[in-house]
Amino acid sequence: MKPLLIVANIPSENTRLLRDAAQSGAESTTCPTVVREPLAANPEDVINCAGIIIGTTENFGYMSGLIKDFFERIYYPCLEHTQALPMALYIKAGNDGEGTRISVERIVKGLQWRQVQQPLLLVGDYQPGFSEKCYELGECMAEGIKLGVF
Ligand SMILES: Cc1cc2nc3c(=O)[nH]c(=O)nc-3n(C[C@H](O)[C@H](O)[C@H](O)COP(=O)(O)O)c2cc1C
């Protein structure tokens with residue numbers, strides 16, 4: 001079975017908790033899971049996955065620079081090979097996440113990936129509930145891949 005791929009920037013302890021929670025949720029299923037920090041993720045990781053979770057902070061009203069760099073490196077190598085890839089997005093923002101959501105969704109539309117979960121906007125000071133939502137997101141994506149429902 002191809003794995004679920006999780007690519008998230010983790011500039012802070014809170015964002016690491018979110019990424020780890022998404023990974024734990026995915027690993028609570030029997031779906032294989034691959035976690036990559038953005039700089040370590042390459043086109044082969046994306047071409048060889050069954051679905052992807054992107055996690056990003058909102059920086060200057062946009063996705064993080066590391067996630068933008070990831071998209072810039074994988075976009076053309078993946079374009080012809082990953083159409084209809086199931087994807088989900090979570091955003092950790094200080095006070096808004098809309099600019100990030102719009103910017104990621106524009107690229108995802110270009111890639112012709114399918115956003116199979118509502119984008120998860122985690123806004124404001126970290127709360128344990130944010131990690132619970134990321135856990136559920138990881139679990140849902142992994143279960144969906146395993147069952148072939150996407
Ligand atoms: C350079 C920089 C720019 C940021 N710009 C925004 C922004 O435009 N909108 C926003 O809601 N939060 C912004 N933030 C806040 C980050 O989204 C926040 O630090 C991140 O979600 C990590 O959250 P944490 O402090 O709970 O670890 C910015 C943070 C940094 C470091």
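Modeller: Let's start in strand 4, where methionine 63 is the bridge partner of glutamate 58. Keep in mind that this is a predicted model.

Biologist: How do you know that strand 3 and strand 4 pair?

Modeller: Count the bridges. Pairing takes at least two bridges between the strands, and strand 3 and strand 4 have two, in the antiparallel sense. They also form a hairpin, with two residues between them. In that turn, phenylalanine 60 has a positive phi of about 55 degrees.

Biologist: Which residues other than glycine have a positive phi elsewhere, like alanine 84?

Modeller: Alanine 84 has a phi near 75 degrees, and glutamine 112 has one near 65 degrees. Alanine 84 sits in the loop between helix 3 and strand 5, while glutamine 112 sits in the loop between helix 4 and strand 6.

Biologist: Why does glutamate 37 count as partly exposed, then?

Modeller: Glutamate 37 has 14 C-beta neighbours inside 10 Å. Buried needs 20 or more and exposed needs 12 or fewer, so 14 falls in between. You'll find glutamate 37 in the loop between strand 2 and helix 2. It is 33 residues from phenylalanine 70 in sequence, yet their C-alpha atoms are 9.5 Å apart in space.

Biologist: Phenylalanine 70 belongs to helix 3. How do you know that the end-to-end span of helix 3 agrees with what it should be?

Modeller: Helix 3 covers residues 65-79, which is 15 residues. At 1.5 Å a residue, it should span 21 Å, and its end C-alpha atoms are 21 Å apart, so the two agree.

Biologist: Where does helix 3 bend?

Modeller: At arginine 73, by about 30 degrees. A proline, proline 77, follows within four residues.

Biologist: Which residues of helix 3 are buried, and what do they pack against?

Modeller: Ile67, Phe70, Ile74 and Cys78 are buried. The buried residues pack against several elements, among them strand 1, helix 2 and helix 4.

Biologist: Why is strand 5 called largely enclosed?

Modeller: Seven of its eight residues are buried, so the rest of the structure largely encloses strand 5. Strand 3 is mostly covered too, with eight of its nine residues buried.

Biologist: What makes strand 1 and strand 2 a pair?

Modeller: They share four bridges, in the parallel sense, where at least two are needed. Valine 7 stands opposite arginine 36 in strand 2. Strand 1 also runs parallel to strand 3, with five bridges joining them, and leucine 5 stands opposite isoleucine 52 there.

Biologist: Last topic, the ligand. How many residues surround it?

Modeller: There are 14, and the closest are Ser12, Asn14, Lys92, Ala93 and Gly94. Helix 1, strand 3 and strand 5 each supply at least two residues of the shell, and strand 3 gives the most, with three.

Biologist: By class, what does the shell around the ligand have?

Modeller: It has three nonpolar, eight polar and three charged residues.

Notes. Residues are numbered from 1 along each chain as its sequence is written. This is a predicted model: local features need pLDDT of at least 70, side-chain atom pairs count only at pLDDT 80 or more; totals for chains, interfaces and linings use all residues. A residue is near a molecule or strand if its C-beta atom, placed from the backbone, lies within 6 Å of it. Ala, Val, Leu, Ile, Met, Phe, Trp, Tyr, Cys and Pro count as nonpolar, Asp, Glu, Lys and Arg as charged, and the others, Gly among them, as polar. The expected span of a helix is 1.5 Å times one less than its number of residues. The bend at a residue is the angle between axes fitted to the seven residues ending there and the seven starting there. Two residues are in contact if their C-beta atoms, placed from the backbone, lie within 7 Å.
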